[in-house]
Number of protein chains: 2
Amino acid sequence: MLELDALTQGKPVAIVGAGLVGAGWALVFARAGLTVRIYDSNPVISSASLPLIEQQIADLTAYGLLSEPGESILARLTVCQTLAQAVDGAAYVQESILERTDVKRALMLELDALAGPDLIIGSSTSGIPASAFASGLSISARVIIAHPVNPPYLVPVVEIVPSPETSPAVVEFTAALMEAVGQSVVHVRKEVAGFVLNRLQAVLLREAWALVEDGVASCEDIDKTVRDGLGWRWSFMGPFETIDLNAVGGVADYAQRLGPLYRSIADSRSHEREWSPELIKQIESQRREFLKHDDLESRRGWRDRALMAFSAQRRKADPR
Amino acid sequence: MLELDALTQGKPVAIVGAGLVGAGWALVFARAGLTVRIYDSNPVISSASLPLIEQQIADLTAYGLLSEPGESILARLTVCQTLAQAVDGAAYVQESILERTDVKRALMLELDALAGPDLIIGSSTSGIPASAFASGLSISARVIIAHPVNPPYLVPVVEIVPSPETSPAVVEFTAALMEAVGQSVVHVRKEVAGFVLNRLQAVLLREAWALVEDGVASCEDIDKTVRDGLGWRWSFMGPFETIDLNAVGGVADYAQRLGPLYRSIADSRSHEREWSPELIKQIESQRREFLKHDDLESRRGWRDRALMAFSAQRRKADPR
């Protein structure tokens, strides 16, 4: 808390956009001890946000993932009726509104008019670079991407992506704030499409889809390859540490041995194809054999409980 | 055990090649209740195999991962002095010798002379298709790839890859045997380079290396992206189930929304570059900041303990 207080100087944090991602962020900040103001321009979403967070707190409590009573965390959350109320005197805004450049630009214009000279604004966008919606304003140097994995109160990674206009001090503040509230900060140093996380996911998914299309393996068998194989290591080591430990001489030794094979695999996919409507239909039908469309929602609950169990285990083991 | 007995008709299993992979397989089969004969043409490796397995059994016992006393498992293992002794009357051979086509071909010629008419031979190779070393023999229809992740007694996935000559009955037997000893079977239906597991790993690693080369992120930040983000889901769901749950309408909905972005990411890497000596040096030096060369071995111990803790947790939670 001392570190957090020093960072925010006791000021609150504002959540703008209170859907699933925004509500998740509100919980991250409140759990860490910060005062959190929530605003959503849609009153339906706005009024649903506290009950949603209350449910999430109950789940976390059940898995032993909170260090204080849920009510104390809830007491630090307030829903505001206007954007001005939410950001007034705040140290930091986490923006999680609609993923559309024009909608985000409009919010930045509003914030430009409202914000004090020190307010820092993080955006949850998973794909739009800050330079596309926050350039040429007096706040531009204080806008940065802070892209979470959903839900952020369970999965700690956050990608910090400055635009060319973002000041180094803002990068430093946002990274320090995220670390202080318990997230794991990844610095993305250039505005590339998909940042790092979705680029890694993208190439793996492209190969997975191509393997199904070529009749090499089924969706379910590819899922097994990851969840009963590759994913075990990747859940506590990254890909570089994995290969560093997988050759006697470490990563350079590994690169010499397997680099050529891996290049030939990558080369074999150099002509990218569309995911055709037929292929989408094929993958959809394979998935529906394992999970009916009507069961998607309940399976999402299963996933969140599994993440909670995983999170509880990781905290206990802390293998690093 | 009933199922296993029906499969093997009470016959033993032979391990040929008793290094790290072979010893791991010996433990998988003995743990499941089978009688296991071990052979390695190198007497040094041969005599080191039982003490190695004894150590692994002690580790598994410490993590509560064995359902019977370690001595009972050890009692089912015998080291043989000749290949003929090892395979005589065996139901199945798991081959884990040197990863060289000529060496594997020589072993197949020996086995062709020794094997009874029902012996089935699985190879642990991670990259050489069975057609490259087992074609044109009387045993050809009974040779198949059964590629594990190391160590197989901890990470359950096994890729089953028939050659064009492998008979469907042999595919069926090997898959049933692997399931019966507790492995998770992935059917690879065509002999493609890298099978499924290493193809998925290859494309993710290529992108990771390119991101470092382009100055987008450091090795450590890319590792964080996976171990504190993507890897959490992938440790209990595969990539298809992950995206199926990540869009309101399921996987087809997801494909429509994110397919174009993912294609553009893949397209941006269509000109594959070498991993140059300079890039290898750069990655090596980044890794050595986090792990000194002399600490590689002790860190492998850390990894194996983390895998055991993970395995114990997965068995307890069994989220499926």
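Visitor: How far apart do the C-alpha centres of domain 1 of chain A and domain 2 of chain A lie?

Guide: The model is a predicted one, in which local features need pLDDT of at least 70, side-chain atom pairs count only at pLDDT 80 or more, and totals for chains, interfaces and linings use all residues. Residues are numbered from 1 along each chain as its sequence is written, while chains are lettered from A and ligands numbered from 1 in the order in which they are written. Domain bounds come from an automatic or database domain assignment. For chain A this assignment gives domain 1 (2–187) and domain 2 (197–236 + 274–317), and the two C-alpha centres lie 29 Å apart.

Visitor: How many residues does each domain of chain A bring to the contact?

Guide: Two residues are in contact if their C-beta atoms, placed from the backbone, lie within 7 Å. Domain 1 of chain A brings eleven residues and domain 2 of chain A brings seven residues. On the domain 1 side, α3 (43–62) and β7 (157–162) of chain A are the elements that give two or more residues. Such helices (H or I, at least four residues) and strands (E, at least two) are DSSP runs, numbered from the N terminus. By class, this side of domain 1 of chain A has six nonpolar, three polar and two charged residues. Here Ala, Val, Leu, Ile, Met, Phe, Trp, Tyr, Cys and Pro count as nonpolar, Asp, Glu, Lys and Arg as charged, and the others, Gly among them, as polar.

Visitor: How many residues of chain A are in contact with chain B?

Guide: The size of an interface is often given as the accessible area lost when the parts come together. Counted here by contacts, 87 residues of chain A meet 87 residues of chain B. Among the elements of chain A that give two or more residues to this side are β8 (184–187), α8 (197–213) and α12 (277–290). Helix α9(A) gives the most, with 14 residues. The chain A side divides into 50 nonpolar, 17 polar and 20 charged residues.

Visitor: Is B:Ala208 buried or exposed?

Guide: A residue is buried if 20 or more other C-beta atoms lie within 10 Å of its own, exposed if 12 or fewer, and partly exposed in between. B:Ala208 is buried because 25 other C-beta atoms lie within 10 Å. B:Ala208 belongs to helix α8 (residues 197–213) of chain B. Leaving aside residues up to four places away in sequence, B:Ala208 touches A:Leu200, A:Pro239, A:Phe240 and B:Ile222.

Visitor: Which strands pair with β5 of chain B?

Guide: Two strands pair if DSSP finds at least two bridges between them. Strand β4 (residues 92–95) of chain B pairs with β5(B) in the parallel sense over four bridges, and B:Gln94 stands opposite B:Gly122. Strand β6 (residues 143–148) of chain B also runs parallel to β5(B), joined by three bridges; there B:Val143 is the bridge partner of B:Ile121. Both faces of β5(B) (residues 120–123) are covered, with B:Ile120 and B:Gly122 buried on one side and B:Ile121 and B:Ser123 buried on the other.

Visitor: Which way do β6(B) and β7(B) run?

Guide: These two strands run antiparallel and are joined by five bridges, with B:Ile144 opposite B:Pro162. In β7 (residues 157–162) of chain B, six of its six residues are buried. Strand β7(B) pairs in the parallel sense with β8 (residues 184–187) of chain B over four bridges. The chain crosses from β7(B) through helix α7 (residues 168–180) of chain B to β8(B), and this β-α-β crossover is right-handed. A crossover is right-handed if, with the strands pointing away from the viewer, the path from the first strand over the helix to the second runs clockwise.

Visitor: Where is B:Pro151 found?

Guide: B:Pro151 lies in the loop between β6 and β7 of chain B. The peptide bond from B:Asn150 to B:Pro151 is cis, with omega near -10°. In chain A, a cis peptide bond joins A:Asn150 and A:Pro151, with omega about -10°.
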